[in-house]
Amino acid sequence: MLEIKDLFVSIGAKMVLRNVNLRIGSGETHVLFGPNGTGKTTLLNAIAGIPRYIVESGNIIFKGEDITQMTMDERARLGIGMAFQRPPALRGLKLKDLIKIINPNADTVSILNKMDFQQFGDREVNRGFSGGEVKRSEMVQLLAQQPGFVMLDEPDSGVDLENIKLIGEAINQLTQKNIRPKQRTKSGIIITHFGHILEYTKTDRAHVMLDGSIVCSGNPSEILDQIKKSGYEGCVACLCPT
Ligand SMILES: Nc1ncnc2c1ncn2[C@@H]1O[C@H](COP(=O)(O)OP(=O)(O)OP(=O)(O)O)[C@@H](O)[C@H]1O
Ligand SMILES: [Mg+2]
């Protein structure tokens with residue numbers, strides 16, 4: 001589904017990603033761990049194609065097609081979706097109108113109901129939303145888009161215990177957790193610090209990013225346990241010794 005090859009990405013004058021390699025198969029959901037400022041959001045934003053993230057070298061292949069030079073909207077149309085860590089507020093645009101722009105055939109009422117978000121349809125997107133409400137707003141938009149590959153940048157940060165369950169259910173729907181693994185065709189990647197969301201959705205593989213590179217990959221719960229026990233560097237030294 002997604003293949004990242006020898007990717008170097010800069011923002012401003014800073015080279016943030018250095019030689020990132022990553023493969024996510026069809027039907028798989030992966031997790032990305034790593035300390036603050038290490039480049040996790042940069043990786044997702046580069047895959048989404050946000051222009052200020054400059055690919056200095058390397059390739060992003062999606063469903064066999066090289067998308068490295070494609071615009072953001074071309075990538076979205078191919079089926080790449082993203083829930084942003086800190087999305088902007090969209091002044092003058094109501095959430096229910098955005099849903100229709102994303103997908104004219106979307107069942108707005110049922111999507112809003114699913115995220116317990118009925119009262120937000122007439123509000124401007126993310127404007128004045130609380131931290132947890134913004135996270136649900138992002139899920140509403142993804143449920144309208146139904147992307148083939150979904151990127152979730154800290155979907156659990158700042159979300160209360162009842163709403164995290166709703167977000168987990170939305171992720172399960174987007175990544176087809178209701179059908180057998182072999183039949184799944186949709187994939188995803190989730191960034192999380194504490195792994196709370198992993199209690200509500202099953203993931204296949206996890207990666208640890210340190211200083212702009214993926215330095216270790218393995219079983220999500222094993223990696224999370226090791227990070228909690230020995231920190232990021234200790235986790236890598238223990239699970240992926242060089
Ligand atoms: N315009 C910019 N100019 C210089 N450095 C930048 C710019 N934008 C981002 N950075 C830096 O790039 C690095 C990677 O940021 P990124 O948002 O990818 O980190 P992250 O791993 O997602 O961290 P967090 O866990 O805190 O969300 C940070 O050190 C950040 O300050
Ligand atoms: Mg981030």
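Start by selecting the open sheet of 4 strands, whose order is S2-S1-S4-S5 and whose pairing is antiparallel. Strands here are DSSP runs of E of at least two residues, helices are runs of H or I of at least four residues, and both are numbered from the N terminus. Two strands pair if DSSP finds at least two bridges between them. S2 and S5 (65-66) stand at the edges with a single partner strand each, so one side of each has no neighbour in the sheet.

Before you click further, note that this is a predicted model: local features need pLDDT of at least 70, side-chain atom pairs count only at pLDDT 80 or more, and totals for chains, interfaces and linings use all residues. Residues are numbered from 1 along each chain as its sequence is written, while chains are lettered from A and ligands numbered from 1 in the order in which they are written.

**Stop 1: strand S1 and its partners**

Select S1 (residues 2-11), which is joined to S2 by 7 antiparallel bridges. Isoleucine 4 sits opposite leucine 22 in S2, and it also stands opposite isoleucine 60 in S4. Another 7 bridges, again antiparallel, tie S1 to S4. Further along, serine 10 faces methionine 15 in S2. Now zoom in on the hairpin that S1 and S2 form, with 2 residues between them; glycine 12 in the turn has a positive phi of about 55°.

**Stop 2: ligand 1**

Stay with glycine 12 and show ligand 1: 13 residues surround it, and the closest are Gly12, Asn36, Lys40, Thr41 and Thr42. A residue counts as near the ligand if its C-beta atom, placed from the backbone, lies within 6 Å of it. The elements giving two or more residues to this shell are strand S2 (14-24) and helix H1 (40-48). H1 supplies the largest share, 3 residues. Colour the shell by class and you will find 2 nonpolar, 9 polar and 2 charged residues. In this scheme Ala, Val, Leu, Ile, Met, Phe, Trp, Tyr, Cys and Pro are nonpolar, Asp, Glu, Lys and Arg are charged, and the others, Gly among them, are polar.

**Stop 3: helix H1**

Is H1 mostly covered or mostly uncovered? It is mostly covered, with 8 of its 9 residues buried. Buried means that 20 or more other C-beta atoms lie within 10 Å of a residue's own; 12 or fewer makes it exposed, anything in between partly exposed, with C-beta atoms placed from the backbone. The buried residues include Lys40, Thr41 and Thr42. Just after the helix, glycine 49 takes a positive phi of about 95°.

**Stop 4**

Next, select the open sheet of 6 strands in the order S6-S9-S10-S3-S11-S12, where the pairing is mixed. S6 and S12 (213-218) are at its edges, each with a single partner strand, so one side of each is left without a neighbour in the sheet. S6 (residues 80-83) pairs with S9 (residues 149-153) in the parallel sense over 4 bridges, and glycine 81 has valine 150 as its bridge partner in S9. On S6, Ile80 and Met82 point one way, Gly81 and Ala83 the other way, and all are buried. S9 and S10 (residues 187-191) are also parallel, over 5 bridges, and methionine 151 is partnered by isoleucine 189 in S10.

**Last stop: methionine 139**

Finally, select methionine 139; leaving aside neighbours within four places in sequence, it is in contact (C-beta atoms, placed from the backbone, within 7 Å) with Ala83, Met115, Ile167 and Ala170.

Notes. Two residues are in contact if their C-beta atoms, placed from the backbone, lie within 7 Å.
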